[in-house]
Amino acid sequence: MATKPTVWARLKNQRATWEKIKWTWVPETNREAGDSVVRNFLLHWFPAKVTRQSLSWNYSFWLGTISAVLFLILIVTGIPLMFLYVPSVERAYLSVKDIEFTVSFGWFLRGLHRVSAHLMVAVVFLHLVRVFLAGAYKNGTAAKQNRPLNWIIGITLLLLTLLLSFTGYLLPWDQLAYWAITVGTNIASAAPVVGEQLRFFLLGGSTIDQNTLIRFYVLHCFFLPLGVLLLFSYHMWRVRKDGGLACVDQLSLEQKKENAQPIKSKTYSLLGIASGRTVHVETSIVDEDKHTVASSPNLTRRLLLVSLGTLAVSVVLTVLFRAPLEAAANPTVTPNPAKAPWYFLWLQELVTLTTFTIGGITINGALIGGIFVPGILVVAAIVWPYLDKSPVSTVGVWMARARRRQNIVFLIIVAAILVLTIVGTYLRGPYWDFYWPWQSWPTMPRKF
Amino acid sequence: MRKKKSGPEEITASYPSPESPDESVKTGGVNLSRRKLISRVGLGATLLAIGGQAYAFVRSLVPNVLYEDPKRFKVGTLDQFSEGAKFIEDKRVFIFREKNTLHCVSATCTHLGCTVKMQRLNQPKRVNAGGREFDEQVEFACPCHGSKYYGDGTNYSGPAPRPLDHFKLEVAPEDGQLVVDTSEIVRQDFRLTV
């Protein structure tokens, strides 16, 4: 009898712990709304209050959030797949076949993983397009902003996403996988000076074999996701330190015009002594009552909606389109035509179109289309924020007049990539010859 | 420590000055305070240790032994090769026989390494490849990016930057089998006469 109250007390204590973990979706007071963010680990990376503008559906289209949700789906579906997949050249293809045809819901896990991967490539790219067109990589007026750095982290995340996709579709060890590694690593070997060594290191030898598969497996399941997680965390942290989404800077610009209140000059922050004013203090010049709402539930609710929507779309696509699996890898027969996944077809077009002969010297398209052109695009994207001298009034403004010319140049590049992708996807047939969609492909002997 | 610039050095400045001349030691004409010297040695040792581990990590992934197929291999006795071209599938080479001469053309596209496909022509075609005229029975085409080659391996269309490799052929003295040596690339006009 004596132990009874203790157990009860312990249970009550457990309840209190639970209260600390959960939060309310319907706060009744400002205090409750603030507490659910500040006192909660899961929500602590949000500000307690958030501007209405940054919650808007059609400023950001929530593309970053969607990317993050897709990445979460990829982690969750990837874990059971890691238990089921065997990274050996003898068994990889058969284990994927098992996942597809004998494991309960295996087809669904693999399908969802594949669909979210495709969507993630698309959405991360659209996120980049959005940030560029809205001038959101530019610093506004608040102190210590470094949005150009966050733009560079974003580009790195896009490249990591592409590498994750590349290493991912190699794992089934089917024909697509084998010939994609062949072409991919030969592009690497076209790199000046270190090319051959790079190919040898990537393959773990001079031919595509077990060493290659296990390398891409470890990259796909450990190093690349780890890189995405770390950079994603930094990406989010920087968004906070840069004073939120770029459109918020417009608010403080407008507000400064209407009333020039003295800026608070607090020189300490929550975590200790730091020099200068913190961004948090700086952004608080935005009239809170007029422009902001509590993050809980306004931000958390939309976040839940976006997550649900993303999951729903991915699941529907998974059920509608079953993931394909080509014939088992066969080093002796290249499929005809051998096509990369859609997001690499613009590169496949480029390496096809860019072999040039100048004065008797022939330069392989692998070097120009496979290394120089993508390299120049990445470098240009990285330095762009430092070259963009448009006024601060364009920060976070879609298609701002003062940035019209650079937006047009950017859109032309995006359009060129899309056109090449479409040509590669729909207009290329056997031997990479050009066919209109209404032209039928000639029948080809299977082997030679 | 929010700010990187105000690192340890600035904080140590509030301690009794380490820069006073009697506390400094002279090392090779450079004035270093003892504290600075020790901190640099410590930092250097740490970096060296991490660098060493990193080297070991990366070096272990460069294989010392390759369990790969040999680059020199037998493809069969001479009577197995009749007039014309034959594809040795698992070795990715074509063996050509013209009466009593043989030569070997690689099936690996010189653009990005896919296996080219041999297309047999219905009737011999007269072509001019780099000044040399000859009749060809077959041509090669690559399914990945559409490179095209004449029967002698000379590229004439698509992104391939150079002709298909030709490999050295020998006859093994012990059993009379044809031997291909893919580690030795020979001129296009190389012929093994038997």
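**Helix packing and sheets**

Analyst: Let's start with a helix pair. Helix 5 of chain A and helix 7 of chain A are roughly antiparallel to each other. Bear in mind that this is a predicted model.

User: At what angle do helix 5 and helix 7 of chain A pack, and how far apart are their axes?
Analyst: The angle is about 155°, and the axes lie 8 Å apart. Helix 5 covers residues 63–84 of chain A, and helix 7 covers residues 106–133. The cut-off for roughly antiparallel is over 145 degrees, so the pair gets that label.

User: Is the crossing of those two helices left-handed or right-handed?
Analyst: Helix 5 and helix 7 of chain A cross in the left-handed sense.

User: What kinds of residues make up the contact of helix 5 with helix 7 in chain A?
Analyst: There are 17 nonpolar residues, 8 polar and 2 charged.

User: Step back a bit. How many helices and strands are in chain A?
Analyst: Chain A has 18 helices and 6 strands. Its C-alpha trace spans about 75 × 75 × 45 Å along the principal axes.

User: What percentage of chain A is buried?
Analyst: Of its 448 residues, 34% are buried. Among chain A contacts with a separation of 6 or more, 74% are between residues 24 or more positions apart.

User: Now the interface. How many residues of chain A and chain B are in contact?
Analyst: On the chain A side there are 35, and they contact 27 residues of chain B.

User: Which elements of chain A give two or more residues to that side?
Analyst: They are helix 9 (175–189), helix 16 (345–353), strand 6 (361–363) and helix 17 (365–387). Helix 9 of chain A gives the largest share, 5 residues.

User: And what is the class make-up of the side of chain A that touches chain B?
Analyst: It has 16 nonpolar, 17 polar and 2 charged residues.

User: Over to chain B. What is the strand order in the open sheet of 4 strands?
Analyst: The order is 7-8-9-10, with antiparallel pairing. Strand 7 (117–129) and strand 10 (155–157) of chain B are the edges, each pairing on one side only.

User: How many bridges join strand 7 to strand 8 in chain B?
Analyst: There are 9, and strand 8 takes in residues 132–141. One pair to click on is V127(B), which stands opposite F134(B) in strand 8.

User: What about strand 4 and strand 5 of chain B, how do they pair?
Analyst: They pair in the antiparallel sense over 5 bridges. Strand 4 runs over residues 84–88 and strand 5 over residues 93–98. G84(B) has R97(B) as its bridge partner, and I88(B) has V93(B).

User: Which residue in that hairpin takes a positive phi?
Analyst: R92(B) does, near 55°. The hairpin has 4 residues between its strands.

User: Where does strand 5 of chain B go next, and how many bridges are there to strand 6?
Analyst: Strand 5 is joined to strand 6 (residues 101–106) by 6 bridges, and the two run antiparallel. E98(B) is bridged to T101(B) in strand 6.

User: How many residues sit between strand 5 and strand 6 in their hairpin?
Analyst: There are 2. In that turn, K99(B) has a positive phi of about 50°.

Conventions
Residues are numbered from 1 along each chain as its sequence is written. Chains are lettered from A and ligands numbered from 1 in the order in which they are written. This is a predicted model: local features need pLDDT of at least 70, side-chain atom pairs count only at pLDDT 80 or more; totals for chains, interfaces and linings use all residues. Two strands pair if DSSP finds at least two bridges between them. A residue is buried if 20 or more other C-beta atoms lie within 10 Å of its own, exposed if 12 or fewer, and partly exposed in between; C-beta atoms are placed from the backbone. Two residues are in contact if their C-beta atoms, placed from the backbone, lie within 7 Å. Ala, Val, Leu, Ile, Met, Phe, Trp, Tyr, Cys and Pro count as nonpolar, Asp, Glu, Lys and Arg as charged, and the others, Gly among them, as polar. Axes are lines fitted to C-alpha atoms, for helices over the stretch in contact, and angles run from 0 to 180 degrees between N-to-C directions. Angles under 35 degrees count as roughly parallel, over 145 as roughly antiparallel, 65 to 115 as roughly perpendicular and the rest as oblique. A crossing is left-handed if the near helix is turned anticlockwise from the far one by less than a right angle, and right-handed if clockwise.
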